[in-house]
Amino acid sequence: MSTHIHPVSSVLGTSTLPAAMSTVFLFFALVAGIFAQEKPGAILRLKQQALEYGSRIAPRILQNILDQATFENLEDKDGLVSYKFNKVSLEQTEIGNVKVEFDPSINGISVTLQNSDSSLSMDYESSIDMVLTTMQHSGSAQISLKDVDVDVKIAIEMDSDRIPTLRTLDCKASIRKCDFSFSSIVVDWMYSTMSKIIPNKLRQWTEEKFCRVISEYIDTKTQETIKSVKLHSVMDDLFKVDYSPLSKVSVSDRSIEAGHRGEVSWKSDSSRSNLKADDLPREDQDDENKMFNLWLEEYVAKTFAESAHSHDYLKARIAEDTISEQDQREKLRLSYASSLIPELSSNSPDSYLQVEVSSNKVPDVEISEEGVRIQLHGDVQVSSGSGSNSQQLFKLKTSVKLLARAHVEGNSLVPDILSYDVETRDLTQMQINPKEADALKFTHMIVREIAVKQIDKLARRGLPLMSLPDLRLVDPAIRFTNGSVNLATDAQYKDFY
């Protein structure tokens, strides 16, 4: 029997081949679209230094976990010996060495506890069935646990809301030495019988209890901490900053990495930006040797610029009636600027001057090694009077070029404006006839002295970062690269300052 493979054209027919191929291409395009991942605007990496810090503070955390642990009663029978332990409490725990390591094989971390010592105190009731009678004994006992080792495997997963979760995959505890001592006199033969059975039972029971206590803490308490990470913030009461996770956390042998959206949008606007983030630097290229490396792509600044422009955030009106009586310096500046154009006072001596500055296109944003370069584009309209009596005097176009770097204050990235340059052009819609040089000089001064000052004031409020309550950033360093900003920092938790 032979198998014959027909050409596609003979099976489908020559006329249907293009349609079939189109269907195939459409299928693959659909699959590609489904599995294409949105690139993050922010990437957070936890480095080896973070695990080393975790290893240093872990003994105190484990100490607190075990100190708060409650032990249920233990009742069992082994051959002729029956026993019951109650009022069990853990005492004098000394945590030994703790090592925390990245474990890519489980997409998580491995925690190893070695050479710890502890002791248990308890009340007991025991009995031994004899041929003709039952020997009973009760009192209190002390269990000395030496060389306790615990190995825990913790996977980093993601719940239905894309929030990272920790789950204990495996926990193994071993107690190499367990000594049992009674607080009351026990006859030798009874002590000999009980000491052969009970220490091993207690060792096994305590090993299981240690793992259960640690696993419950990881699977429940750590989730409360993770959920307290602030992934959404409000900036200047008008903008929202979205650091929601975009993909699952990935673990390599050098870091834990999480991609976040990093979008800044108008607080009352639920629509997403059409802008797309570009690739951020890989860990083997530019990460600093600190506990945390946060990379922010130009996308973060560009979505802020887009939202600020589209919701008239970059619009300002400067006039005598908007300046408080206490701010005489601003009034003098406006008055001096007005004096640069004699036609202003001669045209309307009894009415006050007002200047409106508004953005006419989305600002340009570019990040390089120098810092963040922003170019704002706007219209400047000069009028006299107000309301229905307002008279437009002239209009110009202006652009403001800013160069800024940044520093960290608390949990915010605060820009520092290093330089600015104001350009004015296209004098139009003139109701008065000022000299063009005077009008340009007037506008230049207004924008420079008032508008730039206002921009700096707004910038000082800063960009909120992802934050965890009670975690303090230590010695943060900011570095600018082509297309992104890197914030590298160490950190300290509140209880371990």
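How many residues stand between β5 and β6 in the hairpin that they form? There are four. The structure is a predicted model, in which local features need pLDDT of at least 70 and side-chain atom pairs count only at pLDDT 80 or more, while totals for chains, interfaces and linings use all residues. Residues are numbered from 1 along each chain as its sequence is written, and side-chain values use heavy atoms, with hydrogens and water left out.

The protein has nine helices and 21 strands; helices (H or I, at least four residues) and strands (E, at least two) are DSSP runs numbered from the N terminus. Of its 497 residues, 42% are buried, where buried means under 20% relative accessible area, exposed over 50%, and partly exposed in between (1.4 Å probe, protein chains only). The accessible surface comes to about 27,000 Å², and 50% of this belongs to carbon and sulfur atoms; areas were computed by the Shrake-Rupley method with a 1.4 Å probe, and for residues only the protein chains shown count as cover. Contacts (heavy atoms within 4.5 Å) between residues at least 6 apart in sequence join residues at least 24 apart in 70% of cases.

Strands β5 (residues 108-129) and β6 (residues 134-158) run antiparallel and are paired over 19 bridges; two strands pair if DSSP finds at least two bridges between them. Thr112 has Asp151 of β6 as its bridge partner. Strand β6 also pairs with β7, again in the antiparallel sense, over 17 bridges. In this second pairing Ala141 stands opposite Phe182 of β7. The hairpin of β6 and β7 has five residues between the strands, and Arg162 in the turn has a positive phi of about 65°.

A search of the whole structure finds one disulfide, defined as a pair of cysteine sulfur atoms within 2.5 Å. The two cysteines are Cys171 and Cys211, with their sulfur atoms 2.2 Å apart. Cys171 lies in strand β7 (residues 164-182) and Cys211 in helix α4 (residues 188-227), so that the pair, 40 residues apart, links distant parts of the chain. The disulfide is left-handed because the torsion about its S-S bond is about -80°. Cys171 counts as buried at 18% relative accessibility, and Cys211 is buried with a relative accessible area of 10%. Cys178 is also buried, at 9% relative accessibility.

A further set of six strands forms an open sheet in the order β14-β15-β16-β17-β18-β19, with antiparallel pairing. The edges are held by β14 (316-319) and β19, each of which has a single partner strand, so one side of each is left without a neighbour in the sheet. Within this sheet, β17 (residues 391-409) and β18 (residues 412-428) run antiparallel and are joined by 14 bridges. Lys395 has Thr428 of β18 as its bridge partner.

Helix α6 (residues 298-310) has 13 residues and reaches 18 Å from its first C-alpha to its last, close to the 18 Å expected at 1.5 Å a residue; the expected span is 1.5 Å times one less than the number of residues. At the N-terminal end, α6 is capped by Glu297, which has a side-chain oxygen 2.8 Å from the backbone nitrogen of Tyr299. The helix is followed by Asp312, whose phi is positive, near 60°. The buried residues of α6 are Glu298, Tyr299, Val300, Thr303, Ala305, Ser307, Ala308 and His309. Their cover includes β9 (239-242), β12 (263-266), β13 (292-297), β15 (353-368) and β19 (463-464).

Phe304, which lies in α6, counts as partly exposed at 30% relative accessibility. Leaving aside neighbours within four places in sequence, Phe304 is in contact with Met235, Phe239, Val264 and Tyr313. The C-alpha atoms of Phe304 and Leu463 are separated by 9.9 Å, although these residues are 159 residues apart along the chain.

Glu263 is found in strand β12 and counts as buried at 2% relative accessibility. The side chains of Glu263 and Arg272 are joined by a polar contact of 3.3 Å. A polar contact is a pair of N or O atoms within 3.5 Å; within protein, one must be able to donate a hydrogen and the other to accept it, and residues adjacent in sequence count only if both atoms are side-chain atoms. Beyond neighbours within four places in sequence, the contacts of Glu263 include Tyr299 and Thr303, both of which are among the buried residues of α6.
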